[in-house]
Amino acid sequence: MKTVLFCAALLCGGVAFGAEPVAKSSAKSSAKGGAAKPAAAASSANAAAELAEADALFAKKAYPEALQKYTKLANAGNVMAQQHVGEMYFYGEAGAIDMDQAAQWFQKAAAKGNAVAIASLALMKQREARRADLDYWIAKYDGSDLRTSEYRCPAPRFPTMSKVNEEIDYYGGKMKDWEACHNNWVKHLNAALPLTKRIPDDLAKIMTKDETDKATAHLKEVSDRLAEDTKVAGRMVIADFDAWRAGTEAYVKEHNEMVKNAPPPDDGK
């Protein structure tokens with residue numbers, strides 16, 4: 001998004017659009033002595049040079065120095081500088097994100113027809129209208145929408161042991177059903193990662209870089225928690241199943257030994 005906002009500035013190089021208009025006193029001087037045009041041209045050339053210096057500082061990420069030069073030109077009425085100052089407050093390159101300051105500078109540049117400033121103001125209105133949606137993905141999303149009914153896998157409860165074949169088959173089937181559901185959930189969760197893919201495209205387009213970074217970090221925490229919860233839940237079910245199976249196998253073994261070693265029935269009595 002930031003690339004889009006800055007593309008107009010980059011294409012313009014350092015040309016000073018909307019340079020300060022010639023003062024009335026200069027116009028009078030021009031009528032008398034014809035010296036106003038050279039003075040205006042010199043002023044425009046100086047502004048262009050200062051704008052180019054500010055652009056170079058910005059490109060080197062020397063933001064405080066760039067902001068100082070942009071602000072000086074912006075206060076003098078340079079429309080490109082006004083646009084850049086607005087952008088620096090919008091993205092936090094002025095030291096901190098300040099949407100009020102950004103709006104003020106964009107409004108000044110937009111009043112002179114600056115297309116980027118006009119688009120930026122429209123973007124800011126969209127962001128204001130969708131503030132709740134932005135906050136949801138930046139800090140409130142919890143991944144609960146991923147657990148649809150298809151992927152809710154209630155953990156089966158096992159007794160200490162089972163003594164009859166019907167019960168053994170019943171709990172063995174319960175484990176197979178849970179295992180199939182659990183594996184499907186794991187596949188579904190993996191397919192959903194990274195969770196940033198779930199942010200609607202139209203919302204992602206109006207996020208600032210800072211907001212995108214915060215959303216990415218938050219969603220990474222959510223995905224890590226979901227993965228850990230899945231592992232813990234799986235281990236608990238498997239531990240319960242293993243305990244039931246061990247108890248059942250021990251009982252079956254003991255029972256079979258008892259049957260094997262039992263004296264034969266006395267059919268004659």
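Visitor: What percentage of the 269 residues in the chain is buried? And please take me closely through helix α11 and the residues that meet helix α8 in α11.

Guide: The share of buried residues is 32% of the 269 in the chain. Buried means under 20% relative accessible area, exposed means over 50%, and partly exposed lies in between (1.4 Å probe, protein chains only).

A word on the model before we zoom in. This is a predicted model, where local features need pLDDT of at least 70 and side-chain atom pairs count only at pLDDT 80 or more, while totals for chains, interfaces and linings use all residues. Residues are numbered from 1 along each chain as its sequence is written, and side-chain values use heavy atoms, leaving out hydrogens and water.

Now the overall layout. The chain has eleven helices and zero strands. Read along the sequence, the pattern is α-α-α-α-α-α-α-α-α-α-α. Helices (H or I, at least four residues) and strands (E, at least two) are DSSP runs, numbered from the N terminus. Take the contacts between residues at least 6 apart in sequence: 68% of them join residues at least 24 apart. Contact means heavy atoms within 4.5 Å.

Here is your close-up. Helix α8 spans residues 131-140, and helix α11 spans residues 209-261. The two pack at an angle of about 45°, and their axes are 7 Å apart. That makes α8 oblique to α11. Angles under 35 degrees count as roughly parallel, over 145 as roughly antiparallel, 65 to 115 as roughly perpendicular, and the rest as oblique. The axes are lines fitted to C-alpha atoms, for helices over the stretch in contact, and angles run from 0 to 180 degrees between N-to-C directions.

Which residues in α8 and α11 meet? On the α8 side there are Arg 131, Leu 134, Trp 137, Ile 138, Ala 139 and Lys 140. On the α11 side there are Glu 211, Lys 214, Ala 215, His 218 and Leu 219.

Stay with Trp 137. Trp 137 counts as buried, at 8% relative accessibility. What about its ring?

A search of the whole structure finds 13 aromatic pairs. Rings of Phe, Tyr and Trp (its six-membered ring) pair if their centres lie within 6.5 Å; planes under 30 degrees apart count as stacked, over 60 as edge-to-face, and the rest as tilted. Start with Phe 90 and Tyr 91. Their ring centres are 4.9 Å apart and their planes lie at 75°, so this pair is edge-to-face. Trp 137 pairs with Tyr 141: the ring centres are 4.7 Å apart and the planes are at 20°, so that pair is stacked.

Phe 90 has a relative accessible area of 1%, and Tyr 91 has 11% relative accessibility. Tyr 141 is buried as well, with a relative accessible area of 1%.

Tyr 141 leads us back to α11. Val 222 is found in that helix. The C-alpha atoms of Val 222 and Tyr 141 are separated by 7.9 Å. Along the chain, these two are 81 residues apart. Set aside the neighbours of Val 222 within four places in sequence. Val 222 is then in contact with Tyr 141, Asp 142, Gly 143 and Leu 195. Val 222 is buried, with a relative accessible area of 5%.

Pro 194 has its place in the loop between α9 (165-192) and α10 (201-204). The peptide bond from Leu 193 to Pro 194 is cis, with omega near -10°.

Now go to Lys 209, which is also in helix α11. Is Lys 209 buried or exposed? At 54% relative accessibility, Lys 209 counts as exposed. Remember Tyr 91 from the ring pairs. Lys 209 and Tyr 91 are 118 residues apart in sequence. In space, they are 7.1 Å apart, C-alpha to C-alpha.

Phe 158, Tyr 170, Tyr 171, Phe 241 and Trp 244 form one aromatic cluster.

Ala 47 counts as buried, at 13% relative accessibility. Ala 47 and Leu 73 are 26 residues apart in sequence and 7.2 Å apart in space, C-alpha to C-alpha. Lys 61 lies in the loop between α3 (36-59) and α4 (63-75). Its phi is near 65°, a positive value in a residue other than glycine. Lys 61 counts as exposed, at 61% relative accessibility.
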